[in-house]
Amino acid sequence: MKIKRQKHAKKTLTFYKYSFGFREPYQVLLDGTFCQAALKNKIQIKEQLPKYLMGEVQLCTSRCVLKELESLGKELYGAKLIAQRFQVRSCSHFKDPVSGSVCLLSLADDNNPHHYFIATQDQELSTKIKKRAGVPLMFIIQNTIVLDKPSPKSLSHVQAAQVGQLVPEHQKQNIEHLKDEQGVATESGRRGRKRKHQSGPNPLSCLKKKKKDPKPSVKAAGEQSKRKRKRKRGKPAVLQAT
Ligand SMILES: [Zn+2]
């Protein structure tokens with residue numbers, strides 16, 4: 001199981017490396033819910049995240065996340081202690097702190113230029129992250145950290161980018177035009193062929209084959225002489241034989 005999990009993570013990491021330019025050290029933005037889940041499941045984030053991602057990891061959070069954890073009091077005291085050890089990334093909410101989820105989303109705005117991974121247990125935040133391209137999502141499930149597979153949004157973004165790179169805009173139009181033309185051409189061509197086949201020379205060719213088969217047999221000489229006689233007698237026999 002562990003090896004399989006690692007394999008999936010490696011595949012996903014490779015995708016983000018090549019498609020979105022992610023590099024080590026991986027920047028993982030963690031929120032209070034993730035820290036709380038790690039505490040509950042006895043997961044040492046600092047040790048396990050680099051192992052799982054097979055590389056150097058920079059654990060970070062934001063001032064808003066810390067403020068939120070402070071405001072939630074005793075129950076999240078442990079999570080707050082964990083989050084406090086991470087690097088604090090500056091956000092634009094210096095004067096008016098916002099909720100942790102809003103803050104993390106804003107840090108990954110504009111196509112996630114800092115290549116943040118977002119680690120959260122918040123379903124609402126997860127859903128919003130999946131709607132963006134190029135923001136890897138991490139969560140804890142059944143006592144283990146999981147790097148989510150690329151969202152359909154990320155996959156389609158990459159596909160669109162690849163098509164865009166290979167074919168410039170003005171050529172795309174030409175290709176569409178050609179496709180239209182070819183589409184019409186092949187359709188009419190197929191129709192024409194079908195008609196030919198339907199009214200094709202099936203009955204005649206079948207008759208010929210049947211008559212050709214006995215020709216190369218040992219009786220060739222005798223048959224030939226018979227045919228000569230038939231040919232002399234009348235024209236219909238000649239037509240059948242040839
Ligand atoms: Zn903030």
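Along the chain, the donors of the zinc ion follow the spacing C-x26-C-x1-H-x9-C. The model that shows this site is a predicted one. Four atoms coordinate the zinc ion: SG of Cys64, SG of Cys91, ND1 of His93 and SG of Cys103, at 2.1 to 2.3 Å. The angles among these four donor atoms run from 103 to 113°, and the site is tetrahedral. For comparison, the ideal angle for four tetrahedral donors is 109.5 degrees.

Are Cys91 and His93 buried or exposed? Cys91 has a relative accessibility of 16% and counts as buried, because the cut-off for buried is under 20%. His93, at 13%, counts as buried by that cut-off too. Ser62 is also buried, with a relative accessible area of 0%. The values are set out below.

| Residue | Relative accessible area | Class |
|---|---|---|
| Cys91 | 16% | buried |
| His93 | 13% | buried |
| Ser62 | 0% | buried |

Ser62 lies in strand β2, which covers residues 57-62. Which residues does Ser62 touch, if those up to four places away in sequence are not counted? They are Val88, Arg89, Cys103, Leu104 and Leu107. Of these, Cys103 is one of the residues that coordinate the zinc ion. Leu104 is 42 residues from Ser62 in sequence, yet the two C-alpha atoms are 7.5 Å apart in space.

Leu104 is also among the contacts of Leu30. Leaving aside neighbours within four places in sequence, Leu30 is in contact with Ile45, Leu49, Leu59, Cys60, Thr61, Val65, Phe86, Leu104 and Ala119. The largest nonpolar core has 52 residues, and those that touch the most other members are Val28, Leu30, Ile45, Leu49, Leu53, Phe117 and Met138. Helix α1 (residues 2-20) gives the most to this core, with five residues. In soluble globular proteins, nonpolar side chains tend to be buried together.

Strand β5 (residues 137-141) pairs with strand β6 (residues 144-147) in the antiparallel sense, over four bridges. One of the paired residues is Phe139, whose bridge partner in β6 is Val146. The two strands form a hairpin with two residues between them, and Gln142 in the turn has a positive phi of about 50°.

Confidence comes last. The protein chain has an average pLDDT of 82, and 71% of the residues score at least 70. Where pLDDT is low, the predicted coordinates should not be read in detail.

Methods:
Residues numbered from 1 in each chain as written. Predicted model: local features only at pLDDT ≥ 70, side-chain atom pairs only at ≥ 80, totals over all residues. Heavy atoms only, no water. Buried < 20%, exposed > 50% of the residue type's maximum accessible area, 1.4 Å probe, protein only. Contact = heavy atoms within 4.5 Å. Donors = N, O, S within 2.8 Å, 3.2 Å for Na, K, Ca; no water. Tetrahedral: all angles 85-135°; square planar, octahedral: opposite > 155°, others 65-115°. Core = buried A, V, L, I, M, F, W, Y, C linked by side-chain atoms within 4.5 Å. pLDDT = per-residue confidence, 0-100. Pairing = 2+ DSSP bridges.
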